[in-house]
Amino acid sequence: MLRGRSLSVTSLSGLPHWEVEELPVEDVLLFEVAWEVTNKVGGIYTVIQTKAKATADEWGDNYFLIGPYFEHNMKTQVEQCEPPNDTIRRAMETMSQHGCQVHFGRWLIEGSPYVVLFDVGYSACNLDRWKGDLWEACRIGIPHHDQEANDMLIFGSLTAWFLKEVTDHVNEKHVIAHFHEWQAGTGLILSRAQKLPLATIFTTHATLLGRYLCAANMDFYNHLDKFNIDKEAGERQIYHRYCMERASVHCAHVFTTVSEITAIEAEHMLKRKPDVVTPNGLNVKKFSAVHEFQNLHAMYKARIQDFVRGHFYGHLDFDLEKTLFLFIAGRYEFSNKGADIFLESLSRLNFLLRMHKSDVTVVVFFIMPAKTNNFNVETLKGQAVRKQLWDTAHALKEKFGKKLYDALLRGEVPDMNSILDRDDLTIMKRAIFSTQRHSLPPVTTHNMIDDSSDPILSTIRRIGLFNSRTDRVKVILHPEFLSSTSPLLPMDYEEFVRGCHLGVFPSYYEPWGYTPAECTVMGIPSVTTNLSGFGCFMQEHVADPAAYGIYIVDRRFRSPDDSCNQLTKFLYGFCKQSRRQRIIQRNRTERLSDLLDWRYLARYYQHARHLTLSRAFPEKFHMEPTSPPTTEGFKYPRPSSVPPSPSGSQVSSPHSSDVENDDEEDRYDEEVEAERDRVNIKSPFSLGPVPHGKKKLHGEYKN
């Protein structure tokens, strides 16, 4: 039996609920295997990196991450050290004696977990032999030309070898091996084929075939039960990869996925229903700015305004104080990430704002990396013109101030004509002439390599959003990731997000969705969909998500045109909010960060580990199912103050962002709402107390 205190765990997916006793972590070694350990490729890197502290706090020196060795990553992210126990050291020595290169150290992230890194290239000479082992184990063959799959086979074979050496000398301890995605799955398949005495978990963060099918613009979710899976995988020449993924799923003692929507997808694509849904979290402490997040928004918004001043020089005929900054960011997957529906809704939003003669301007940034030659010359020129104007104004201010100061010391009211002489007027006129331009502000900041066929630029041409003076919606494509060292927009991603007003992520395929989650913990409202894991999670936990700044577009049960209209309605409603309403909404949004804290969500991984031990070693570990606990009072309530839903509670036409509503001020009490939300966060997670030594969550402080 498991020893320790009782722990009640609630599965988000409505799957079985269990009453278990606390795992004796001192008697178990936990290994997490992923291609993205110390190796940033996509979202799995964020999952593992942010979860590391919560897991390391629980497991201590019995927690290890396994990943690939890359020299640059090793030098910049890993501090080499000796293994903490003889079992790991002996396994590494045995593999080294047989011609493998194995590296060990601490990953220099929060929590400083131990990492075991295998040099895949150094062991490539064994590829043919290991292909034979895989064929003998599960009859899966890997084509010679698929370099990525070959690398994954080498990595998986090294992982299985290492785990065999560990289990051979682990003495009385048990071993849990948790594999992430198909890239690590080969290690799971070979471990089970060798009947190693370990408990296994496999987590899919997105199905391989699902991503391909959605990218092909198919009506994926309404035809899940109609696809010929083998045929679809074969036509896309990924059948061997699909077989590796499916075999991993069925070999694992416990199969988990990151969201409800991906659980449905996995059941149809991979033919196994997930045992546990393990939502992705964030290290909220990293993002939490306690009482300063509103001030940070104002500070970083001013830096974005500076960029906009330069980018739109000569056409800056709109009020920056009444300008809203929206953005979409992520991999350049035009349809999967929802850039197609977003652009179409922007065209409709532009029409609405112009028709109602709104004084609100919307500037939209597309932060999606693509192939470019370099910065656009016109864009660089705009920032140079802005800086030159700033320097000119600053010089005149100094000269003006000195003359004014001297006049006041003499007890005189200065004559403006004597303070500004002819030379000063000439300088100002030249500065004004320098801002004249005969072309429209560019819609992209870089020279695109494939300009004519680029999906975003092609759509911009079709809908006619060219940043003209009459457009109330302006578009800027920034086709590379943000960096504080950029000469154009010198801001890190986190700074940029804090400076924007709204993140828009109307994804069609998004198993979880870290971008809206990051917006949430930074107090920035966002748009997501009911086809993203994040959107489903918020629908389940918040009674009125829009009141908390989470706008959820229905892309599952509506036609594309209806979904586009709904998104347009959300954006138009957001534009109609007053400045105070946006501040109130940001306060509410930031309080939802408690829902995304790994200190709570890591408990679902804990549940999966309990379950896999009970299945792998039923004679020693046992779990009894219990009746599900009640979920009444589970959701964040709809706030009593306005606006409950900005798209439906405002006047019919936009008004100035600095218009205030006295009734709203009377009805809104920030401290009362914050205290109520702080209490409500506790009920969904009947998982025992937060580990000792933790600081208060941001939501536990009153704003």
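Biologist: What makes Cys 519 and Cys 500 too far apart for a bond?

Modeller: In this predicted model, the sulfur of Cys 519 lies 8.2 Å from the closest cysteine sulfur, in Cys 500. A disulfide needs the two sulfur atoms within 2.5 Å.

Biologist: Why is Cys 519 called buried?

Modeller: Its relative accessible area is 0%. Buried means under 20%, so Cys 519 qualifies.

Biologist: And what about Cys 536, buried or exposed?

Modeller: Cys 536 has a relative accessible area of 16%. That is under the 20% cut-off, so Cys 536 is buried.

Biologist: How much of the chain counts as buried?

Modeller: Of its 703 residues, 58%.

Biologist: Which members of the largest nonpolar core touch the most other members?

Modeller: Val 308, Leu 346, Phe 365, Phe 366, Phe 496 and Met 538. The core has 90 residues.

Biologist: How do you know where this core lies?

Modeller: Domain 1 (27–277) gives residues to it, and so does domain 2 (291–376 + 442–595). Therefore the core lies between the two domains.

Biologist: Which residues does Phe 366 touch?

Modeller: Leaving out residues up to four places away in sequence, its contacts include Ile 328, Phe 342, Leu 346, Ile 456, Val 475 and His 478. Contact here means heavy atoms within 4.5 Å.

Biologist: What is in the second core?

Modeller: That separate core has 72 residues, among them Val 33, Trp 130, Met 152 and Tyr 509.

Biologist: Now the sheet. What is the order of the nine strands in the open sheet?

Modeller: The order is 5-6-7-4-3-8-9-10-11, with mixed pairing.

Biologist: What makes strand 5 and strand 11 edge strands?

Modeller: Strand 5 (78–80) and strand 11 (276–277) each have a single partner strand. One side of each is therefore left without a neighbour in the sheet.

Biologist: How do you know that strand 10 and strand 11 pair?

Modeller: Pairing takes at least two bridges. Strand 10 (residues 254–257) and strand 11 have two, in the parallel sense, so they count as paired. Thr 257 stands opposite Val 277 in strand 11.

Biologist: Which helix packs on the sheet?

Modeller: Helix 23 (residues 598–616) does. It touches strand 3 (28–33), strand 8 (174–180), strand 9 (199–204), strand 10 and strand 11. The directions of helix 23 and strand 9 make an angle of about 135°.

Note on methods. Residues numbered from 1 in each chain as written. Predicted model: local features only at pLDDT ≥ 70, side-chain atom pairs only at ≥ 80, totals over all residues. Heavy atoms only, no water. Buried < 20%, exposed > 50% of the residue type's maximum accessible area, 1.4 Å probe, protein only. Core = buried A, V, L, I, M, F, W, Y, C linked by side-chain atoms within 4.5 Å. Domains from an automatic or database assignment. Helix = DSSP H or I, 4+ residues; strand = E, 2+ residues; numbered from the N terminus. Axes fitted to C-alpha atoms, helices over the stretch in contact; angles between N-to-C directions.
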